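Hi,

Here is the structure I promised to pass on.

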Amino acid sequence: MTDNKLVLAYIGNGKSANRYHIPYVLQRRDKFVIKTVFNPRIHHDTWAKLEGVYYTENADEVFGDSEIDLVVVNTGVAYHYEYARLALESGKHCLCEKPFMLSKAQAQEIFDLAKQRGLYCSAYQNRRYDSDFLTVQKVIESKKLGDLLELEMHFDYYRPQVPEGMDSFSVSESYLYGHGCHTLDQVISYFGKPDRVHYDVRQLLGEGRMNDYFDLDLYYGILKVSVKSSYFRVKGRPGFVVYGKKGMFVKETDDRQEEHLKLFYMPGQPGFGLDEPKHYGVLTYYDDHGVFHEEKVPSEAGDYGRVYDGVYECIVNGKEPVIQPWQTLLQMEMLESGVRDLK
């Protein structure tokens, strides 16, 4: 560490590192310093070079550098296992993009190695800090819905060119692995392990093509949580719909952090990631006196950087990891189960 700051290195210099990680770390200069970025081919035509950061095409300059405390893996999932293992074997903590690994077995091996070496290792589950998901939690905890009956979570696109542009099936490029890793973690992080899971994972273009649709139902007693996504939704369904015995809550629009990041409007700038009143969800319910209410609920502020706050607190201050290995292992089990019968 340097001045009580964790020294970071990034494996990968693409969208993941520069859009979803580094902007948030730069807002936490009291906790982190970025020393090195490795990529097999360094170029700065899309992502500007960061002042004071060393860029290299030699991975040994990351894993062989004793000053680096934490390696952040931002490659495609096919390389996660290799680089996470190298980081841990080099005595470095590791934060790895999602999906964490290709299989539960790989994930278990990495977690076992981290435990053996006394090192931190977790998946980068930033979607726990989506504004819409945090707002849903606030509504549930207000108890205005009464006993929960059903929660629907939708992650829809109209991007037919994506599955139509692929002529074979690949686990690593399946829609369930690529997007289910967001929403399934949200469910697991809040509700825990389900009693059972029903899987409906499809290849809408036929066998031998990309997995482009999934609908998973997770059961918690009387509560059913449905996680649904499709590449063929001309008009997306609401992000969240929650039903209780006394009411319902609908949040139509998604967290806006990604929207702003794509426009290179960054954390720290006024209004970054914040909902406007037109984005607020609607809560409809009957109170304890039988009086009907319908009201807009101001959205909670999202902040993907809270993942890094948790990492720092765990490594530096010995706090419990926020993103627990058992949660990631359970998610990997679900991802594997969902695509198991696809060809």
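Below is what turned up, sorted by topic.

First, some ground rules: this is a predicted model, in which local features need pLDDT of at least 70, side-chain atom pairs count only at pLDDT 80 or more, and totals for chains, interfaces and linings use all residues. Residues are numbered from 1 along each chain as its sequence is written, and side-chain values use heavy atoms, with hydrogens and water left out.

Salt bridges

The structure holds 24 salt bridges, each being a side-chain nitrogen of Lys or Arg within 4 Å of a carboxyl oxygen of Asp or Glu. One of them joins the side chains of Lys35 and Glu67, at 2.7 Å from N to O. Lys35 is in strand E2 (residues 32-38) and Glu67 is in the loop between helix H2 (60-63) and strand E4 (70-73), so this pair ties together parts that are 32 residues apart in sequence. (Helices, H or I with at least four residues, and strands, E with at least two, are DSSP runs numbered from the N terminus.) Lys35 is partly exposed at 25% relative accessible area, and Glu67 is partly exposed at 47%. On that scale, buried means under 20%, exposed over 50% and partly exposed in between, with a 1.4 Å probe and protein chains only.

Arg85 and Glu89 form another salt bridge, at 3.0 Å from N to O. These two are four residues apart in helix H3 (residues 80-89), so about one helical turn separates them.

Then there is Lys138 with Glu300, at 3.1 Å from N to O. That pair links distant parts of the chain, 162 residues apart: Lys138 sits in helix H5 (residues 131-141), and Glu300 in the loop between strand E14 (292-297) and helix H9 (306-317).

Helix packing

How do H4 and H10 lie relative to one another? The axes of helix H4 (residues 104-117) and helix H10 (residues 325-339) come within 9 Å and cross at roughly 165 degrees. The axes are lines fitted to C-alpha atoms, for helices over the stretch in contact, and angles run from 0 to 180 degrees between N-to-C directions.

Most residues other than glycine have a negative phi, and most peptide bonds are trans. With that in mind, the peptide bond from Lys98 to Pro99 is cis, with omega near -10 degrees. Pro99 is in the loop between strand E5 (93-96) and H4. Lys143 has a positive phi near 70 degrees without being a glycine; this residue is in the loop between H5 and strand E7 (148-154) and is exposed, at 62% relative accessibility. Phe264, also not a glycine, has a positive phi of about 60 degrees. Phe264 is in the loop between helix H8 (257-262) and strand E13 (281-286).

On the surface

Glu51 is in the loop between E2 and strand E3 (54-56) and is exposed at 84% relative accessibility. Ile222, in the loop between strand E9 (213-220) and strand E10 (223-230), is exposed too, with a relative accessible area of 60%.

Cheers
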